[in-house]
Amino acid sequence: MTDKVQSKLYFQGQQIIALEGKTSKEYDLLMRRDIDGVARFPYQEFITTMTDHDQHKQ
């Protein structure tokens, strides 16, 4: 049995494109983890963290 090495969580910036001539650039920060070569939102890990109050505070 082989264990997968989990990659670190990271934030990926996604530009918000304004439809009405706005000159400033804004970004959303998306939490991601590389899962099988694809940047995905770590849903289960997020839910676990958000429901564990002490871990969430950190």
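Begin by selecting strand 1 (residues 10-16) together with strand 2 (residues 26-35), which pair in the antiparallel sense over seven bridges; strands here are DSSP runs of type E with at least two residues, helices are runs of H or I with at least four residues, and both are numbered from the N terminus. Two strands are said to pair if DSSP finds at least two bridges between them.

Before going further, note that this is a predicted model, in which local features need pLDDT of at least 70 and side-chain atom pairs count only at pLDDT 80 or more, while totals for chains, interfaces and linings use all residues. Residues are numbered from 1 along each chain as its sequence is written, and side-chain values use heavy atoms, with hydrogens and water left out.

Click on R33 and you will find R40 of strand 3 standing opposite. In the hairpin of strand 2 and strand 3, two residues lie between the strands, and D36 takes a positive phi near 55 degrees.

Next, select R32 in strand 2, the bridge partner of Y10. Which residues does R32 touch, leaving aside its neighbours within four places in sequence? R32 is in contact (heavy atoms within 4.5 Å) with K8, L9, Y10, Q12, A39, R40, F41 and P42. R32 is buried yet has no salt bridge, and the nearest side chain of opposite charge, D28, is 9.2 Å away. Buried means under 20% relative accessible area, exposed means over 50%, and partly exposed lies in between, with a 1.4 Å probe and protein chains only. A salt bridge needs a side-chain nitrogen of Lys or Arg within 4 Å of a carboxyl oxygen of Asp or Glu, and Lys and Arg count as positive, Asp and Glu as negative, with His and the chain ends not counted.

Then move to helix 1 (residues 43-51), where Y43 lies. Y43 counts as exposed because its relative accessibility is 53%. With F41, F46, I47 and M50, Y43 forms a nonpolar patch on the surface, with about 450 Å² of accessible area together. Accessible areas come from the Shrake-Rupley method with a 1.4 Å probe, and for residues only the protein chains shown count as cover.

Finally, show the whole protein chain, whose elements run β-β-β-α-α from the N terminus on. Of its 58 residues, 9% count as buried.

Technical notes: Patch = residues over 30% accessible without salt bridge, like charges linked within 9 Å, V, L, I, M, F, W, Y side chains within 5 Å.
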